[in-house]
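Work through the exercises below with the sequence and the model side by side, and try each task before reading its solution.

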Amino acid sequence: MPSEHTSPRGGVARSRRRRVPAGVAVGAALAALSLLVGCAPEPDPAATRNALTEVTSEPVAPDVVDEYSASEHPDPIVEPLDCTPYLIVTARGTGEPSRKQLLGPVARAIEEARPDETLRLDLDYPADTEINAGATLGARTLIDTLNVQAEACPEQRTILLGYSQGALVIGDALAAPDARLVGAAVGEVTEAAAERVLAVVLYGNPRFVGADPTGYGSYSPDVNGLLPRPPGSFTPYEGRMRDYCVADDFICQSTLSVEEAGHVAYYDNGMQADGAAYVITRLGPIPKTDAAEKRGDAERRADESETRDDAPADVRERAAAEGES
């Protein structure tokens, strides 16, 4: 069963411990997506749009900037997590609950593809309509998590998944401070931590840039999100990022349409499975150590010796009995 790790601020990381045959892990995990997404509550796109608009009209209050400022408070606000091969960080959208998120099935598919190798952390931030303060905390928490893990677990690779406001948080945390909308003073991802980011998958990103090569979906390359970031902000991550956007999503395609279906289309348009499959292909081959190979060879030789015709009678009898049980 999964083990849970609670962050100092209440976030929960989960690591799957159930073994799945390697040959069927990916297919079974992706097939499960179609059964899981129907249970997820959908956020209110209109409320999200209104809250995002207020980000530019109502600047972050000074006390919020000071509270999360890296220069004023340099000590990390998170503690190191377990040193698993992969850390999956999810950043939910505005109004989504802590459970049954859009990103949940995506993360689970990745976990099922690599049982015993992943640790999952749901980024601990409000994800409410007070985006100035909440997203600033989210950016600081994510930056500190990436930096602390890079130092504590040099071999660990990170996978970042974000939806709506969560995509804004991840994007601004990875971008240079002068390209951010929130969290300009919360510090920066270190070079070592940036190198350990294996994959980034975003959905319904309000800071989407249609001309950037990281975009995937039915969007128009001539149309940006509500709050587009400077073009080229993700250049260092271009080979390891997918920024999903559909044409009628007015959060990542700032059109005059009031149709809300686009921003929640990712729940059932196949892009969850596509994003998970993309990450899984970046995980590389399942590692098999020399020690495991030698141990496997030794076990096979032992099995063979117990069933040889020239083995002692008691050994052959025991092997036969075990085979019948």
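**Exercise 1.** Determine whether Cys-252 is buried or exposed, and then find its bonding partner and the handedness of the bond.

*Solution.* Cys-252 has a relative accessible area of 0% and is therefore buried, where buried means under 20% relative accessible area, exposed means over 50%, and partly exposed lies in between (1.4 Å probe, protein chains only). The next step is to look for its partner, which is Cys-245, joined to Cys-252 in a disulfide with an S to S distance of 2.0 Å; a disulfide is taken to be a pair of cysteine sulfur atoms within 2.5 Å. Cys-245 also counts as buried, at 0% relative accessibility. Finally, the torsion about the S-S bond of Cys-245 and Cys-252 is about 90°, so this disulfide is right-handed.

The model is a predicted one, in which local features need pLDDT of at least 70 and side-chain atom pairs count only at pLDDT 80 or more, while totals for chains, interfaces and linings use all residues. Residues are numbered from 1 along each chain as its sequence is written, and side-chain values use heavy atoms, with hydrogens and water left out.

**Exercise 2.** Find which cysteine is joined to Cys-83, and state which parts of the chain the pair ties together.

*Solution.* A disulfide links Cys-83 to Cys-153, with 2.0 Å from S to S. Cys-83 sits in the loop between α3 (62-68) and β3 (86-91), and Cys-153 in the loop between α5 (131-152) and β5 (157-163), so the pair ties together parts that are 70 residues apart in sequence; helices (H or I, at least four residues) and strands (E, at least two) are DSSP runs, numbered from the N terminus. Turning to accessibility, Cys-83 counts as exposed at 52%, whereas Cys-153 is buried at 3%. The S-S torsion of Cys-83 and Cys-153 is about -70°, so the bond is left-handed. A search of the whole structure finds 2 disulfides, and with bonded cysteines counted along the chain their pattern is 1-2, 3-4.

**Exercise 3.** Identify which strands pair with β8, and which of its residues are buried on each face.

*Solution.* Strand β6 (residues 197-203) pairs with β8 in the parallel sense over 4 bridges, with Val-201 opposite Arg-242; pairing requires that DSSP finds at least two bridges between two strands. Strand β7 (residues 215-216) also runs parallel to β8, joined by 2 bridges, and Tyr-216 stands opposite Tyr-244. In β8 (residues 241-244), Met-241 and Asp-243 are buried on one side, and Arg-242 and Tyr-244 on the other, so both faces are covered.
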